[in-house]
Structure formats: structure tokens, C-alpha cells
Amino acid sequence: MDQNAIRAAHTVSQTPLGLATWVRRAEAIVLPFGALLVGFAVFSIFLLFQGKAPSEFFSLVYRGGFGTAFSWQNTLSRAAPLLLAALCVALPARLGLVVIGGEGAIVLGGVAAGATGVALSGMPAGLAMPIIMFIAMMVGAIWIGAVGALRHFRGVNETISSLLMAYIAIALMNHLVEGPLRDPASLNKPSTAPLQEALRVGNISGWDVHWGLVFGVICCVLAWVLMEKTTWGFAARIAGGNIRAAQVQGLPVGWLVVGFTALGGAIAGLAGFFEVAAVHGSANASLAGGYGYTGILIAFLARHNPLAIIPVAILLAGFEASSGLVQRRMDLPDATILVLQGFVFMSILISETLYGRFKIFAPERWRAA
Amino acid sequence: MDGDLGLWVIPLAIIGGAIRVSTPFLFVSLGEVLTERSGRINLGLEGTLVFGAMSGYALAYLTGSPWIGVAAAALCGAIFGLLHGVICSLPKVNDIAVGIAMMILGMGLAFYFGKPFVQPVAPDLPAISFGWWSDVTQIRAALQVNVLFLIGAVLAFVIWWMLRATKIGLVLRVVGDSTDAARAMGLRPNLIRALATAVGGAFAGVGGAYLSLYYPGSWNEGISSGQGLMAVALVIFARWNPIACFGAALLFGGAGALGPTLQSVGISEGYYLFFAAPYVLTLGVLIATSSPTRAMTGAPGELSITK
């Protein structure tokens, strides 16, 4: 970059919210959106090869996910855990960490919620609920925080360790639910004892959507504030950009790594809590439902921006909500949505290479040509 | 002796189990050694393994020949690897994230196309019985060794020799250690890495075909549960040395055989915890061999995971 360009970039960044700033921001919206469309296009070609009509597929997805009040409620119910699972990826991502084992924190958070819920039956709900929530979040925080600690203090790659720990968590859950915590009354599907009615999380009044959605949205907003408006978020970004520079500046890199991963884990644990207290009523194998993995895709699609996670999670939740309808009407296997997710994910990652390539998004270079 | 081995059954079953369970680890890790030696990491091998299992099973069922299934799995794996390799050649694209996406895509495609093959029964890969000398059924069972295991064992030594003593091995090591040095030698790092990733994918595909065509020997959606990913960790443990990979694969196979073995002799308490043994072992090994300060000895210089 020559001197003029640097000076130009500097002037541009000094005019807050001018046209040039918005143009530069548009890149972060246009490119993922374009990549999403390319992913859909590739999936459409895939469907055409199978002799299925993409138009029918997408119109069914629209009807099943967003067409009616009923489908909206179905979509939003599914969005709740996805919001939280995506945050578990997006928060550590600020430090440059790719944590993909959020599923483990969801599963163990759910088991912890189920177990404490049973242990605290009889206690007034107003007192018991916060305790149950806190313990589920603590378990999640310890689980993913350990991934961060291993990364920082031992140099263990967080991607592999978090995924291995997700498998360990699922084995641990199976052990607990089939063994020590099993309710003898659960015959075909081993579960913990069901939570008392008073300890269940209900629906938002007038809707068929549980309160997890509200918590999910609040967490996204708070995470955005943390990342964008606080010194911790700023420090984390520095550490993520260049760890040496951050250490030289005296930033507590270790605490940032452990803190951000633990926070991500706590939020994933909260997702487990809602799965148990609002959806299943007890902890069982359904906890390992793949939310953690869809959350990875959402976080990447949203470019790890907590506010962008909200619409993206709703979009993907709509796809999952319509899955049953699409399967029945078009005679497609249930993995169809997974294939779509795969294509979209690939397309999004490939689009990373395009950032900075288009002059239209770089106002300081407009005149240069 | 009438076949009553008492508690000797357990170590025997674990050894036999280790030989049976280790083959996919061996193939995936040998392929990943080649990929990582070229300076790139492919986490998508989990998806490749699952797709290899599906395509191998499907082709073996349709043609009646397990070897055509293995070839098909290798071909599919190579295509997946090539795709990963080419995409990672683009600037600013993160190879770890692409690996995760390939994992999701590979599994999605495998489950999608594999649905009709959950019920049918495909022919198995052949095994050689090394237990002919014994009358004891457990010993005979433990010494049933699949041909792919033997091929993998030989390949481990061939790749070790190749990396050490041939021009291809030298090229691979140079590219993996320094992109600049490779360019200075007139090599094309991206091309070589893409090819190394493709070969790695082919190996992972064969590992998958072993799962569906020999042990456990059927195709279903839960067939892999992380073995492809554990094999990637195993490569780090084995310090990018193919012969060490062979030993590590046997160790991981033994850990994987622990749960089923104990269950077969009637110990079912904590079955799920034993099921977690290979993951715990992998994690423990990673913790023990990693270091926060120094790059690992033997690590290719261009590898993002150890930098």
C-alpha cells in the first residue's frame, strides 16, 4: 500500500459513519450473503442431479420454516439453542480459536440441569431455578474453559481437543443417564427423573416458543456489547491478532483465553439447561442433537458477529424446522439439510478469499483508477 | 486343554481387537502424515472416512466385489482430498475451518447417498487366519487378520522409506518445512500440497471402506464417531513418523477394543466410560506431547496447527 492510500484510509476512518464507512461495512454483509446464494445454487444443482426440483425444495422450506405463524413458532423454538451454540464458537473466535466441541458443553450442561433439578425438587422454584441454571452454566464453562486452558498453558490444539471432549461428554452422559442417574421408570429411553412442573421453563405468553429464545437473543446482544464496546473485547481482538504483541503490551492473554472459552461454554451449558427444562423435561440422549455442530456453521456464516448470529440462526433454524415437510413431500433422506449445510459452509469459507479483492468496497481506492 | 483360558481371554481379546480396530487409524494417519508433511492439515478426514465407508459398502454391494468397493472409496477420498487441497490454496482461506466444512459435507453426502444401503448386506473383505495352529477358538478369532491391515503395515514402512530416501519424500519435506525454500527450488508448493492432500484423502477413504466392509462390517450413520479426527491427533503423537503411526494405531485400536472386550466377558459396568477410552487416551497424549513454548520436534515448519 503506498503512502497516499494509507493517508486516504486514515481520513476515511476518521469520518464516522460517512458513506465510505458504510461502503466498507457493506463488504461484510454482501460477501457472506453472496456466498450463501452460491451455496444454495450448488445445492440446487445437486438436487437437479437427483431429479428433484430445487424450486419445490425452497418453496417447501419457506412454507415449513417461515410460511405460517405455526411454522414461525417451530422455527423460533429451534433457534433458541442454536443462538447459544453459535455464541460458543463466536466468543473464542475473537481470540482466533476455532472451538468446535460446543456440543459437549450442551450435553453436560443438560445433564447437570437434569440432576440438580431432581436434587432440588421441593425447593421453591424462584430459588431453585437460578441455582439449576447456574450449575448448568458452570459445568459448560469448566468444560470449554478447559479447552482454552489446555490451549494456552499446554499448546494443545483447541479444535481437536474440543471435539474429542465432545465425544467424551457424550460417553459421560450415556454413562450417567443409563447408570447412576437413571430413572427406573424410563424404560425404552433411559432418562433422568423428570423435572417437577414448577421447575419447567414455560412459553413466552401467547406464543408456542419457550423463554430460551429471549435468553438467546439477550446473550447475543450482551456478547456483542462485550466484544465491541468493552476493553476486554478489544484486548481479546489484539490477542487474537498477534499474541506476542498482546503479551508485550501486558495483556493477560491467558485469562482472556480461559475467560472467553469459559464464557462460550457457559452459554452452551445454558442451551443444555433449556433443552432439559423447556423441551425434554429430563436429561436423555436427545441432548446430543447436533445443535453444537449447526452452531459452528452459524458462527462462521455470521463472521463471528453476535448480532449477525440472530438472523443467521433463525434462517438455519427455519431450514431444520422444514426438514420433516421436505422429507415427506419430496421423498428425500433426512441428511438433505446436512448436505445443504455442507455446501453453504464450503461456499462461505471460499468467499473469505474475496475480502479486499473488490475495489467497490474500498472507497480509498475509488479514485486511484 | 479344552479352550478354557480364564482371565487370559481379556489380554488376548484386546490384542485381537487392537489388530481389528487399528486399521482405520493406520490408514487415515498414514495419509495424514503425507498431507501434514507437505505443510497442510486436513481435519475433513472424518467426513472422508465416513464417505469412504459408504461408497465402499455401496460399490461392494452393487458389484459383489469388496475390492472394487475399496477402490471406489479410495477414489472418492482422493476427490475429497483434492477439493480440500485446492480450496486451501486460495489466499486467506483457513485450512482448519475448511476441514470442518469438509467434515460436515462428507458426512451429509454419505448419509444422503447411504440411506438405501443401511439394510443390504455387502460381501466382506477377506481375512487370513494366523491361528490355524491352535484349537482354542478365542486364539483363532484373535489371530484373524484382515488383508488391509497387512497392506497398511507394509505401507507404513514404504512411506517411511519414501520420505527418507526418495526424491518425492524430499520434495514433500521441503514444501512442508518452508514455502519460500520450496519456491526457491522451483517447486510449486500449492500443487504439491493439493496432491499430498488428495493422496491423504484416498488413504482415509480406504480406512472407511475397512470399517464398513470388515469391522464392524456394515454401513450405518454411526460408523465412525470421530476415528478420522483421532487419527489426525495420532499423527501429532507419532511425530509425523509413519512407523510410529503404526505403533500408535495399534495402541489406539487397543483402547478402542477395551469396551467391547470387557462387555464380551460379562463386565458391562461402566460400558460407556470404557467406550470413551480412545478419546481420553487421544486427549491425554495430546496434552502430554504438546508444549506452549516450543514447536514440536519433527513438526513440519509450515503446519498451522503447531505454529
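Which side chain meets R94(A) in a salt bridge? The partner is E228(A), with 3.4 Å from N to O. A salt bridge here is a side-chain nitrogen of Lys or Arg within 4 Å of a carboxyl oxygen of Asp or Glu.

## Before you start

This is a predicted model, in which local features need pLDDT of at least 70 and side-chain atom pairs count only at pLDDT 80 or more, while totals for chains, interfaces and linings use all residues. Residues are numbered from 1 along each chain as its sequence is written, chains are lettered from A and ligands numbered from 1 in the order in which they are written, and side-chain values use heavy atoms, with hydrogens and water left out.

## Salt bridges

Over all chains, the structure holds 4 salt bridges. Let us return to the opening pair, E228(A) and R94(A). These residues lie 134 residues apart and link distant parts of the chain: E228(A) sits in helix α8 (residues 212–229), and R94(A) in the loop between α4 (69–93) and α5 (102–119) of chain A. Helices and strands are DSSP runs numbered from the N terminus, helices being H or I with at least four residues and strands E with at least two. R94(A) is buried, at 14% relative accessible area, and E228(A) is partly exposed, at 36%. Buried means under 20% relative accessible area, exposed over 50%, and partly exposed in between, with a 1.4 Å probe and protein chains only.

Another salt bridge joins the side chains of E158(A) and R151(A), at 2.7 Å from N to O. E158(A) counts as buried at 3% relative accessibility, whereas R151(A), at 30%, counts as partly exposed.

## Across the two chains

The rule finds 1 salt bridge across the interface of chain B and chain A. In this bridge the side chains of D334(A) and K115(B) meet at 3.4 Å, N to O. The pair runs from the loop between α13 (306–330) and α14 (336–351) of chain A to the loop between α4 and β1 (127–129) of chain B. D334(A) is partly exposed at 38% relative accessible area, and K115(B) is partly exposed at 40%.

Looking at the whole interface, 48 residues of chain B are in contact (heavy atoms within 4.5 Å) with 46 residues of chain A. Together the chains bury about 3900 Å², 79% of it on carbon and sulfur atoms; buried area is the accessible area (1.4 Å probe) that two parts lose on being put together, summed over both. In chain B, I104(B), Y112(B) and Y272(B) lose the most area to chain A, together 19% of what that side buries.

## The nonpolar core

Which residues have the most contacts inside the largest nonpolar core? They are F57(A), I160(A), F273(A), I309(A), F345(A) and W219(B), in a core of 209 residues. The helix α4(B) gives the most to this core, with 14 residues. A nonpolar core is a set of buried Ala, Val, Leu, Ile, Met, Phe, Trp, Tyr and Cys residues joined through side-chain atoms within 4.5 Å.

Leaving aside neighbours within four places in sequence, F57(A) is in contact with F43(A), L47(A), V326(A), M330(A), L332(A), T336(A), I337(A) and L340(A).
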